[in-house]
Protein chains: 2
Amino acid sequence: MVDSFERLPGIGPRTAQRLTFYLLRVPQELLDEFGEAVRDLKKQTVTCSLCYNVAEEDPCPICRDQNRNHGQILVVEEPLDILALEKTGRYKGVYHVLGGVIDPLNNIGPDEIRIKELLARISGIKHSGSAVISEIVLATDPDMEGEATAMFIANELRRRKGSEAQGYRVTRLGRGLPTGGDLEYADEVTLTQAIEGRREY
Amino acid sequence: MVDSFERLPGIGPRTAQRLTFYLLRVPQELLDEFGEAVRDLKKQTVTCSLCYNVAEEDPCPICRDQNRNHGQILVVEEPLDILALEKTGRYKGVYHVLGGVIDPLNNIGPDEIRIKELLARISGIKHSGSAVISEIVLATDPDMEGEATAMFIANELRRRKGSEAQGYRVTRLGRGLPTGGDLEYADEVTLTQAIEGRREY
């Protein structure tokens, strides 16, 4: 048990021991439940064939929701990003999970993440005529790899938009000062973007 | 010496001892220089009578710089905020230091910070005709007190703008994801602002 815990990210030998000794004091039915949850984890989750989110059904609840705007696709790196964005309750479109970012230093090129699938999905929607694509929101992380990946996808979209003469917006999540921060400790790039992105108040 | 160091913010007894023992090994001329710098600190700095920045001369170098736009005033809480913004090299206007924020819990009202001085400065510039005010950038911290202070000033400016029929923009620094962050760990308010403030890419 200690070894199993230790293999998890961020859990060292001491924590693994503490968790194991905690479980020793737990009733057997809770142990059965926990054990079953771990064993069946993969069996009970599937990857959504539309957006590649992790879900219990395919298509996932977001892709099946007819109250959402299926013409607005927000592109994220990982399923956890969707959880964070859903918590805001502010986004009413659908998603596309890339499953990573372009990262040449680690040998991850554009073909290793789901960019082809995104482009195919956009053309597919266009050709089936089931929804009109109005916006692609690039929401990869605001770090170097995320920026490079957003730029790569934007260029691909621009090239295709040109030939297919389709009008949809390509946007990027707003950048600037995070809530609760302190201006004096903000890094230069963030401050520059906050100055450039200032808005009428 | 240990006691003097300990009175500084963020320096505990151990660090105070370490710094003191370090100074014991330093040549006497460096000690003289350090001592003099500490003693003359207040004598050599003044508060700029235009923007209330801390400087060695009055007006401060920023207010004396004729290459800067004196019709664009960026309002900050503290002089340290100016240092951070100047490092970006992106802002070419002048500043106004409030010297704090409105904070009712600590009995700091609008009259305790330099809001009157800001309003007087704006009317003064207008009446002297030396520069045309084009923009007031509210750059208080993105926390609760900073937001409340920005809102208070914006309302004051709006009221006066109405009666004086003067056209200048009132803006706030851009909000959203800071650079190098991770979308999945961003708080809900920041993510909401990043979604609302998304820009064409």
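Author: Because the model is predicted, local features need pLDDT of at least 70 and side-chain atom pairs count only at pLDDT 80 or more, while totals for chains, interfaces and linings use all residues. Residues are numbered from 1 along each chain as its sequence is written, and chains are lettered from A in the order in which they are written.

Reader: What makes strand 3 and strand 4 of chain A a pair?

Author: Strands here are DSSP runs of E with at least two residues, and helices are runs of H or I with at least four, numbered from the N terminus. Two strands pair if DSSP finds at least two bridges between them; strand 3 (residues 69-76) and strand 4 (residues 93-97) of chain A have 5 bridges in the parallel sense, so they meet that definition.

Reader: Why is the unit of strand 3, helix 5 and strand 4 of chain A called right-handed?

Author: A crossover is right-handed if, with the strands pointing away from the viewer, the path from the first strand over the helix to the second runs clockwise; the β-α-β unit that strand 3, helix 5 (residues 79-88) and strand 4 of chain A make is assigned that hand.

Reader: How do you know that strand 7 of chain A and strand 6 of chain B pair?

Author: Strand 7 (residues 199-200) of chain A and strand 6 of chain B share 2 bridges in the antiparallel sense, and A:Glu200 stands opposite B:Thr171 in strand 6 of chain B.
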